[in-house]
Amino acid sequence: MRGKYIALLIVAVLAAAGAGVGTAYVRQAGRPAAKIVLPAHEDLKSFVQTANAWITGRQKTAGLSLYMADTQNGWRNDGQNLFHTTDGGKSWNAAAPFYDGGAVDFVDAAHAFALAKAVHDEEALTGISVYATADSGKDWRHLALSGAPYFSAEGITRGADGFTMADRLNGLLVLAGDPAAGSHESAVFSTKDGGHSFTQQASGLRMPNGQTTLALADASHAYLFVNGSAAPVFLLASTDGGKTWKEQDGGLSPRFTDVTPAYVPVRMASDGRVALLSEQNGTQASGAKGKTETADTRMRNVFYDLSPDGAVSGKRTELLTDLPLDARSVSMPDAQTIYALSRAGGKPALYRFNAQGGWARIESATLPADGLQLQFVSPSDGFILQPGAVSVTADGGKTWVKRPY
């Protein structure tokens, strides 16, 4: 399976101005942690405000996304329209006149799937439409999901908790019911024929309210990440194509949450599953004999390897940054390489990890300061989505060329 995840209205990617934050540093695997200098109260307050403002900004651009199948062919979503390119982002063609901002999954250069509401009325018992294309958006097949089992007399489907395809044929759709006090029940449907039909796999799936991300490693293994809930990070995993789900927290409950933590998939593929936990580094509480521990003004971003059932099987590496990371801040072009886009000292910063050399910062005079999403299609070829442009690199991030759209 391709090395990407599909996110539905999750925390998004805006490079916010970072006044008052310290310079990021990297922690390489196997090396002792650098000594932490505790910040002053005002430094901590400024860090928390800046980090949470960054998260709010990301949420406002949640509908903007980029998916490049290779160096030339790919898709772009501006939250209201879908576009396709065949020349590496130099030009874009509108590809979906029906689109209204719902969940989208780009499988490859030719195949894409999108959701749209049949009627723009959340209080009406209306269907959800699934659209599919096999020719880069020239033609779309339409399937309307309406009536039972998608809707019931007891509740109104409020939208989708997640929609993603493992490949051209197999995918999952999770429809959310009415929210209750802190949680809601969802129904899970699968397709095995490329969206021609959907079959219910589970109903009454109770999960905490929050921002959800559905990821598939293959047709059998599915993962539902929930952020911003009472947990505050939560993972449900299925190994039977969505029929049964099991909570997998792995002991990852953040200890300090002045900055909203995030637990998101980074790579879900047949050759490995990697998830990112981005949380405030350190803790602030009364310690032994009344001593108070103070939080560090950096984010601790830990990359975990997951077993097929969703449990944490080990820690891959971690990276300390000035601002939080989320799913669109990072990219894994292969099973061993991780790129991360953040800020350091008020400037954009790009980091690269590989198992042999650990983390290294890539020096670049042309790295965009307003990146919305990072994607590398190979260890050398990458893209950054910006407002009004896509920047491209062919040398591993040292040099970027801006291509306005």
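These entries go from the whole chain to single residues.

**Entry 1, the whole chain.** I noted before anything else that the model is predicted. I then looked up the elements of the chain and found 1 helix and 31 strands. Of the 405 residues, 55% are buried, and the accessible surface comes to about 16400 Å², with 50% of that surface belonging to carbon and sulfur atoms. I also looked at contacts between residues at least 6 apart in sequence, and 50% of these join residues at least 24 apart.

I picked Thr 50, which lies in helix 1, residues 41-60. Is Thr 50 buried or exposed? Its relative accessibility is 11%, and because the cut-off for buried is under 20%, Thr 50 counts as buried. I also found that a polar atom of the Thr 50 side chain lies 2.9 Å from the backbone oxygen of Ser 46.

I followed strand 22 (residues 299-306) and strand 23 (residues 312-321), which run antiparallel and are joined by 8 bridges. The two strands form a hairpin with 5 residues between them, and in the turn Gly 310 has a positive phi of about 95 degrees. Across this pairing, I saw Val 302 standing opposite Glu 318 of strand 23.

I looked up the aromatic pairs, and the count came to 10. In one of them, the ring centres of Tyr 339 and Phe 376 are 3.6 Å apart and the planes are at 5 degrees, so I recorded the pair as stacked. Tyr 339 lies in strand 25 (residues 338-344) and Phe 376 in strand 28 (residues 373-376), so this pair ties together parts that are 37 residues apart in sequence. Both Tyr 339 and Phe 376 are buried.

Phe 376 also pairs with Trp 400, and here the centres are 6.1 Å apart with the planes at 80 degrees, so the pair is edge-to-face. Trp 400 sits in the loop between strand 30 (389-393) and strand 31 (401-404), so its pair with Phe 376 in strand 28 ties together parts that are 24 residues apart in sequence. Trp 400 is buried, with a relative accessible area of 5%, and for Phe 376 I noted 3% relative accessibility. Elsewhere, ring pairs link Tyr 67, Trp 75 and Phe 106 into a cluster.

Which rings does Arg 76 lie over? I found its charged end over the ring of Phe 83, 4.3 Å from the centre, and I found Arg 76 over the face of Tyr 405 as well, at 3.6 Å from the ring centre.

Technical notes
Residues are numbered from 1 along each chain as its sequence is written. This is a predicted model: local features need pLDDT of at least 70, side-chain atom pairs count only at pLDDT 80 or more; totals for chains, interfaces and linings use all residues. Side-chain values use heavy atoms; hydrogens and water are left out. Helices (H or I, at least four residues) and strands (E, at least two) are DSSP runs, numbered from the N terminus. Buried means under 20% relative accessible area, exposed over 50%, partly exposed in between (1.4 Å probe, protein chains only). A polar contact is a pair of N or O atoms within 3.5 Å; within protein, one must be able to donate a hydrogen and the other to accept it, and residues adjacent in sequence count only if both atoms are side-chain atoms. Two strands pair if DSSP finds at least two bridges between them. Contact means heavy atoms within 4.5 Å. Accessible areas come from the Shrake-Rupley method with a 1.4 Å probe; for residues, only the protein chains shown count as cover. Rings of Phe, Tyr and Trp (its six-membered ring) pair if their centres lie within 6.5 Å; planes under 30 degrees apart count as stacked, over 60 as edge-to-face and the rest as tilted. A charge sits over a ring if NZ of Lys or CZ of Arg is within 6 Å of the ring centre and within 35 degrees of the ring normal.
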